[in-house]
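Could you walk me through this model, starting from the packing inside and ending at a few single residues? I'd like the cut-offs along the way.

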Amino acid sequence: MSFWQLVSAELKAIVADKAIAVTLFGGVLFYSVLYPLPYLHQVPTEQQLVVVDLDRSSLSRRLIRHADASAKVSVIGQVTSISQAQSWIESGRAHGLLVIPEGFRRDLLLGKGVTLSYGGDASYFLIYSAVAEGLVTAGMDAGKQVQLLGMLAKGEAPKQANLSLNSVKINSVPAFNPSLGYTPYVVPGLFLLILHQTLLIGTGILGAGQWRRKGYWRDVSPLQLVCGRISAFMLIYLFFSSFYVGFCFYWYQVSVQASLSLVALWMLPFLLATSAAGIALSSLFVRRDLPTQVLLLVSMPIMFVSGFVWPLALIPEPLIWLSQVIPAVPAIMGMLELNQMGASWSSVMPKWLQLWGLFAVFFVLALYGVTRRLKSAVDETS
């Protein structure tokens, strides 16, 4: 059997196996829609707010109008007590509440401090932060209006009063995530993790299901089988990578800084190392269901130690050291630096060389594991 005949046989085996086909083709396409779907609006806006106005003054009504004008919250009603507002939140009718205390206008005009109380359902941290941010902004605007009235009453010129209240202006320019949304923040790293996990599962299922059976894999040397299997999966994942890093990044408006050639150069050792790691892991199993179970269990830990959803400073250092043997970890961090942050190639070179080193190590392990499995299969049949 020639090398290309072996690659063709591998591709036929992958496509003919329903479990592998569903994991690879179905999983990659399904997750490309499933994961970003809840965050297509990027940030939560217009969160329902109920108000308890105990002051019922012109200033409290102005505060309510300011809150309703905020992009973060939408005032859907007013109630007379905090207990009623809590029942609205518990029933899901509202996500937050604002309590304006009695004497709000009087105390502000007298120059006394006033406490505005707000709360919400903190089990949804994005929604709660949106409500809190919208109400803090509205409260600060109302406070500035009162201060402006006080300055004007003292005879200060309107222009000078405005300058005194707004002496410092902040020009906020978000870097790497212009929309400040969740999708550009999590999708780039998550898509690489999906490629990593599906590739490991696919190679794991294929190998685990073949070791105890007869087939073309016994007619070639272990070196040929490892090289042919890596080549077959590489052909498939070149398409998947192009779909994720190319089409999906632009579709979900992910910031792209690197050129196509640099991205391809980065993805090459990542896919090679992951393919070799999957073949090495497959030699540890003889049941087809085990690779999926084991790799799904470690998906969340890998995502956290990759450093794109949780600060590495808050993760124990031994876990960070151990995670460096997982191809997804340096690949995700390097891709984020290169493609989303615009880092130079020289700054990500150590991680790129690390991926090549992992490929070399896993290739040797895969060759050893396949040799051992094929030899034991021959011994069992003889």
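This is a predicted model: local features need pLDDT of at least 70, side-chain atom pairs count only at pLDDT 80 or more; totals for chains, interfaces and linings use all residues.

Residues are numbered from 1 along each chain as its sequence is written, and side-chain values use heavy atoms, with hydrogens and water left out.

Let's begin with the packing. The largest nonpolar core has 75 residues. A nonpolar core here is a set of buried Ala, Val, Leu, Ile, Met, Phe, Trp, Tyr and Cys residues joined through side-chain atoms within 4.5 Å. Buried means under 20% relative accessible area, exposed means over 50%, and partly exposed is in between (1.4 Å probe, protein chains only). Inside this core, the residues with the most contacts are I230, Y237 and W266. Two or more residues each come from α1 (3-16), α2 (18-34), α8 (182-208), α9 (222-251), α10 (260-282), α12 (299-305), α14 (328-340) and α15 (345-381). Helices (H or I, at least four residues) and strands (E, at least two) are DSSP runs, numbered from the N terminus. The top contributor to the core is α9, with 14 residues. As background, nonpolar side chains tend to be buried together in soluble globular proteins.

Contact means heavy atoms within 4.5 Å, and neighbours within four places in sequence are left aside. On that basis W266 touches P330, A331, G334, M335 and L338, along with W345, V348, K351, W352 and L355. There is also a second, separate core of 15 residues, which includes V51, F104, L135 and A138.

Beyond its neighbours within four places in sequence, S275 is in contact with L199, T203, I230, F233 and M234. One of those partners, I230, is among the residues with the most contacts inside the largest core.

Now for the charges. The structure holds 4 salt bridges, each being a side-chain nitrogen of Lys or Arg within 4 Å of a carboxyl oxygen of Asp or Glu. One of them pairs D17 with R288, with the closest N and O atoms 2.6 Å apart. D17 is in the loop between α1 and α2, while R288 is in the loop between α10 and α11 (289-297), so this pair ties together parts that are 271 residues apart in sequence. D17 is buried, with a relative accessible area of 14%, whereas R288 is partly exposed at 33%.

Another bridge joins the side chains of D289 and R287 (2.7 Å, N to O). D289 is partly exposed at 31% relative accessible area, and R287 is partly exposed too, at 46%. The side chains of K351 and E337 also meet in a salt bridge, at 3.4 Å from N to O. K351 belongs to helix α15 and E337 to helix α14, so the pair ties together parts that are 14 residues apart in sequence. K351, also a contact of W266, counts as partly exposed at 24% relative accessibility.

What lines the largest pocket, by class? The lining has 14 nonpolar, 6 polar and no charged residues. In this scheme Ala, Val, Leu, Ile, Met, Phe, Trp, Tyr, Cys and Pro count as nonpolar, Asp, Glu, Lys and Arg as charged, and the others, Gly among them, as polar. The volume of this pocket is about 440 Å³. A pocket is an open set of points on a 1 Å grid over the protein atoms alone, where a 1.4 Å probe fits, with protein on both sides within 12 Å along at least five of seven lines; lining residues have an atom within 4 Å of a point. Grid points are joined across faces, edges and corners, and the volume is the space filled by probe spheres set on the points. Of the 20 lining residues, Y31, Y35, I194, L296 and S299 are the closest to the centre. The largest share, 8 residues, comes from α8.

Finally, a stop in a loop. R56 lies between β1 (47-53) and α3 (58-69), with phi near 55 degrees, a positive value in a residue other than glycine. R56 is exposed, at a relative accessible area of 54%.
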